[in-house]
Amino acid sequence: MAAPRHNLFRVVYTCWLLWLRSAECLDDGEEEGKPGKEEDQGDCGCSNSRASDAERAARKYSQEANVSQQPNNRRGDDRSKNEGMKMVPIPAGVFTMGTDEPIIKQDGEGPGRRVHIGHFFMDRYEVSNAEFEKFVNATGYVTEAERFGDSFVFEGMLSKEVKNGIHQAVAIAPWWLPVKGANWKHPEGPDSHILKRLDHPVLHVSWNDAVAFCSWAGKRLPTEAEWEYSCRGGLENRLFPWGNKLHPNGQHYANIWQGEFPRSNTEEDGYKGTAPVTAFPPNGYGLYNIVGNAWEWTSDWWEINHSADETYSPKGPSEGSDRVKKGGSYMCHKSYCYRYRCAARSQNTPDSSASNLGFRCAAGSLPDYLK
């Protein structure tokens, strides 16, 4: 009986040593925050090289966006952590951009013109509060609304306490009120927070803020033509990404205002303000909330005069008064602005960081960390 017991002791002792060794590796990995690639690991599986290619790229993009601080920049190559950054391929093609029947002529939606677009990638979702928070934590970036000290908020979203302290409004749109302390972390002012809205689109972001995020992510803002082409999801001459009926079969396909704007919102779609970036069915290209929810920035300068000539990959004028905002937000309704169509565009916002301005990014090729 002595021999079997001796052998058993050796087996138990060997397993105990192996367990200690693996635990040591695990502790090292947790301390650094990320496992290394398989070829970067030592004999026990510990990571010898802690910075992946994606992490180095993230640091490079942050520098290119003129961001000074980069604490704990650890995007890594764990794809589950990049869920919100997913992109979809948009095939090359030709489509009719704009419309010959503009609803708001001063928005410069017409005329309809044939536009050729090359292959590119588009973010599946609007950039969420959670994704923007990762960017801020990794870079120390401060948005323009935070530097300004205030931003414009729709009055129906404000508490009585905040509203009572405001004595100004936008003359042509008195429902827009300047709120001190309103920014992406506090969308309705200092008594609001995003803790329960991390999956909602980030708001109060200027064009510069959007460019900084997309650069850090190894992407860029889409052109107006790319945005509208991807919005249509492969359909031609339709009002919405899903067709011409706003509520086909009684179903809601976008988060918009229901009721009489700006007095009453029946919230029939289930949301008073923004909705999660994953809400509602996607369009034909797999893009979520490409109309409704939040306005989305594009890279082009604002212009209302367009040629009807056929064009190839237009990039818009090189200068102007503002950048183009595409896709009507939940603030819009047929009774007021009706800007939640694919052709919808506007510069009619009181400030470059107003509450319902968000964005999504595009790219000519898929960033390495998303492959």
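These are my notebook entries on what I looked up in this structure, which is a predicted model.

**Entry 1: the whole protein**

I began with the overall make-up and found that the secondary structure comes to seven helices and 12 strands. The protein has 371 residues, and 50% of them count as buried. Among the contacts with a separation of 6 or more, 71% come from residues 24 or more positions apart.

**Entry 2: the disulfide**

How many disulfides does the structure hold? I found one, and it joins C214 to C361 with an S to S distance of 2.1 Å. The pair links distant parts of the chain, since C214 sits in helix α6 (residues 207–216) and C361 in the loop between β11 (357–358) and β12, 147 residues apart. As a reminder to myself, a disulfide is a covalent bond between the sulfur atoms of two cysteines. I also noted the angle about the S-S bond, which is -85°, and the link of C214 and C361 is left-handed. Are C214 and C361 buried or exposed? Both of them are buried.

I looked up two further cysteines as well. C231 counts as buried because its relative accessibility is 0%, and C342 counts as buried because its value is 1%, where the cut-off for buried is under 20%.

Which strands pair with β4? Strand β1 (residues 87–90) runs antiparallel to β4 and is joined to it by four bridges, and in this pairing P89 stands opposite F121. Strand β12 (residues 362–363) is also antiparallel to β4, with two bridges between them, and here M122 stands opposite A362.

Three bridges join β7 to strand β9 (residues 323–326), and the two run antiparallel; W297 has K325 in β9 as its bridge partner. From β9 I went on to strand β10 (residues 345–346), which pairs with β9 in the antiparallel sense over two bridges, with R345 in β10 as the bridge partner of K326.

**Entry 3: residue N255**

N255 counts as buried because its relative accessibility is 0%. Its side chain reaches the backbone oxygen of G273 at 2.8 Å, and a polar contact of 2.9 Å joins the side chains of N255 and N293. Leaving out residues up to four places away in sequence, I listed what N255 touches, including D269, Y271, T274, F280, S329 and Y330.

**Entry 4: helix α3**

Last, I checked helix α3 (residues 129–139), in which N129, E131, F132, F135, V136, A138 and T139 are buried. An α-helix has 3.6 residues a turn, so residues three or four places apart point the same way. Just after α3 I came to G140, which takes a positive phi of about 75°.

Notes:
Residues are numbered from 1 along each chain as its sequence is written. This is a predicted model: local features need pLDDT of at least 70, side-chain atom pairs count only at pLDDT 80 or more; totals for chains, interfaces and linings use all residues. Side-chain values use heavy atoms; hydrogens and water are left out. Buried means under 20% relative accessible area, exposed over 50%, partly exposed in between (1.4 Å probe, protein chains only). A polar contact is a pair of N or O atoms within 3.5 Å; within protein, one must be able to donate a hydrogen and the other to accept it, and residues adjacent in sequence count only if both atoms are side-chain atoms. Contact means heavy atoms within 4.5 Å. Two strands pair if DSSP finds at least two bridges between them. A disulfide is a pair of cysteine sulfur atoms within 2.5 Å.
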